[in-house]
Structures are given as C-alpha cells and as structure tokens.
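Please look over the sequence and the model before reading on.

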Amino acid sequence: MTQKLPVILGVMALALVTAVLSLRLGVRPIGFVTIFEAFTTFDSTSADHLTVRQLRVPRAVAALIGGGSLGLAGALMQVLSRNPLADPGLLGVNGGAALGVVIAIWGLGMTTQGALVIPALIGAALAATLVLLLGGTVQKNGPDPTRLILAGAAVGTLFLAFTWAILILSRESLDVYRFWVLGGFTGIELKDLLSLMPLYIIAVPLALISAVMLEPLTLGDDAARALGVRVGLTRVVAIIAIVLLCGTTVSMAGPIAFIGLLVPHLVRPILGAGVKQLAIGSLIFGAMLAVVADTLGRVILPGQEIEAGAMMALIGGPTLVLLARKRREVAL
C-alpha cells in the first residue's frame, strides 16, 4: 500500500479535477471565475450562480459518491464470489432494488430519492440473499462462481418480470420508471444527498473493513479458518456492505451499469490484485469514471444531455471488449 500511495493520491487528485471540470462544462458553459464567485460572493439573482450551487455541485457530488460506491461494491462482489464477471447488476442486486422502487412508486406513491431509499434497500437485500443462497456462498466450501452467475440471472429475470408486470398495470409508475431506469444524476438536489449521507457514512467504512476481512479468504476457506478468520461473519459483513452501497446508489441514481463490473478490471493492472488495494482503487476509479460519464453526457451532443447510465454503456461495452481481446488474467 505504501508503494502504491503516490498512484492512489494521483488518481484522487485526477478525480477531484474531473469534478471541478464538471462544474464548468455543460449545455451552458460557466467560467471558473464565475464558479469561484458562486461560492465566495453568491448572488441569488445570477442564473450562473444558481446553476453552479443548486444543480451542478449536487450532481458532481452525487456522481463521486455513487460511482465510488458502485466501484467498491463491484470489487467486493468479485472477491466474494471469486468471479471476475460478477457485479451488482449481474448478481441481481440492481434488479431487486429496481423492483423495490417500482413497488414503492405503484403501491405507496413515492417518487423522491429520499423516500425510495428503504424500498430499494429491501429489494436489494432480498435479491442478494436469494442469489447468495442459491449460489452456495453460505456453504462450507464457499461460493461456486458458475452457480452464482446462473442464480443471479435467474433472480434478475424473475425480479424483472415482476417489475414489468407492475408497470403494465400502472401508466403513472411507468412514466416515473422510464426516467429513473436510464440511470443518471440529473435533478439530484442537496437535500436528497443529505438524506442519503448517513447510509453512505455507514456503508463505505463497512465495505473497507470487509475488504480487510476478505483478504485471507483469497487463500481459501480452510486456510482462512486456520488463520483464525470467521469465514461466515466475513461474508455477512461484505454482503451487508454491498447491499447498502448498491441499494442506496440505485435509489438515488437508478441502475447504472458497468461501473461495478469494469472498474476492478482497470484497477488490478495498476494497483495489483490485493483486496485492500482493489477496494480503495475501485472506490476512487469508480468516482472518477462516473463524473467523466456524467460530464461527457452533457457535452457530447450540443444542446442536449445523455444520462450517465447510457454514457457508461457506451464507455463500458467497448472497454470490456478491449480487455477481453488482450486476454488479461484476473487474479482474485
């Protein structure tokens, strides 16, 4: 970790620079001087000042937090399942959160990010529990990667069927869901972020702690037990962290794909395959990648915006193809 510290600090600085650039770029570019004045000499009658403080700052912060959370969750999921193709979306967590959100919209009339947090967490927890039970994670010999992927596909398809059944019954729910399912940070307000921050304050440290706990499990369950590790407890802590990270982020920004899957593959060649390095690197790289996707979506088409979820699909798909063609071996 000490040897990799300059790299980690460099990526952190790059992520912050990217976030600052996101305050300037958009459908309407705003100069750095105006951005500085928006914080130092705020003028409530200035459209640029209002845009910076009420729209772009919450959006940039949400992208940093949400992207970092998905990257960290993806790293933990890949280590936990011993499968480099695992991510919250592939293993059904996003689908469970989406079903929880749709039920809340249809049955309870909830539409705001703050109100959707609990339903999203319940759905994500249910999906994660089903997938991990079916995949054999709680068994003595640990998870079977093939079974996990198959279980994730089955649970994700089942939850998707329930989701669309509800949407067919309710046009109003469909109208809200169509915007939400694209995945993005548009329209997120400061009050929404503040309502979610307690969950992130719990989830991120818990995930980093679980990364330390998971390190011995890379040697195998028997070796970990010989070292005094409580394997079952370690998995439970990691699962809780993953559910909190994904459920909270999906409730805030929708099911943004590829970050949890792609980021660990980008981190391993740079920081190595150690679980601690992978977790910290994925947290930082995920934050930066989400901000980049959100910013590119604002500038790639003049006068229009593409949601961050769609941009991540455009970025993630070709990148994974390139990684696959290079046949990089992933060591977990």
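The text below takes up the salt bridges, then the pocket and cavities, then the patch.

This is a predicted model, in which local features need pLDDT of at least 70, side-chain atom pairs count only at pLDDT 80 or more, and totals for chains, interfaces and linings use all residues. Residues are numbered from 1 along each chain as its sequence is written, and side-chain values use heavy atoms, with hydrogens and water left out.

**Salt bridges**

Side chains of opposite charge can pair when their charged atoms come close. The structure holds 6 salt bridges (a side-chain nitrogen of Lys or Arg within 4 Å of a carboxyl oxygen of Asp or Glu).

| Arginine 59 | Glutamate 305 | 3.0 Å |

Take the pair of arginine 59 and glutamate 305, joined by a salt bridge. This pair links distant parts of the chain, 246 residues apart. Arginine 59 sits in helix α3 (residues 47-81), and glutamate 305 in the loop between α12 (275-299) and α13 (308-326). Helices here are DSSP runs (H or I, at least four residues), numbered from the N terminus. Arginine 59 is buried at 8% relative accessible area, whereas glutamate 305 is partly exposed at 40%. The classes are set by relative accessible area: buried under 20%, exposed over 50%, partly exposed in between (1.4 Å probe, protein chains only).

Aspartate 294 and arginine 298 both belong to helix α12. They are 4 residues apart, about one turn of the helix. Aspartate 294 is buried, at 2%. Arginine 298 is buried too, at 3%. Shared partners join Arg59, Asp294, Arg298 and Glu305 into one network of salt bridges.

Glutamate 189 is partly exposed, at 38%.

**Pocket and cavities**

Rolling a probe the size of a water molecule over the atoms shows where empty space is left. On a 1 Å grid over the protein atoms alone, a cavity is a set of points where a 1.4 Å probe fits but cannot get out, while a pocket is an open set with protein on both sides within 12 Å along at least five of seven lines; lining residues have an atom within 4 Å of a point. A volume is the space filled by probe spheres set on the points.

The largest pocket holds about 400 Å³. Its lining has 22 residues, with Gly89, Asn94, Gly95, Leu160 and Pro255 nearest the centre. Helices α4 (93-108), α6 (145-169) and α7 (171-181) each give at least two lining residues. The largest share, 8 residues, comes from α6. The lining splits into 13 nonpolar, 8 polar and 1 charged (nonpolar: Ala, Val, Leu, Ile, Met, Phe, Trp, Tyr, Cys and Pro; charged: Asp, Glu, Lys and Arg; polar: the others, Gly among them).

There are 2 cavities of 30 Å³ or more.

**Surface patch**

Val17, Val20, Leu21 and Phe32 make a nonpolar surface patch of about 330 Å². Patch residues have over 30% relative accessible area and no salt bridge, and nonpolar side chains (Val, Leu, Ile, Met, Phe, Trp, Tyr) are joined within 5 Å. Helix α1 (residues 5-24) supplies the largest share, 3 residues. Valine 20 lies in helix α1 and is partly exposed at 40%.

Conventions. Patches are made of residues with over 30% relative accessible area and no salt bridge: like charges are joined within 9 Å, nonpolar side chains (Val, Leu, Ile, Met, Phe, Trp, Tyr) within 5 Å. Accessible areas come from the Shrake-Rupley method with a 1.4 Å probe; for residues, only the protein chains shown count as cover.
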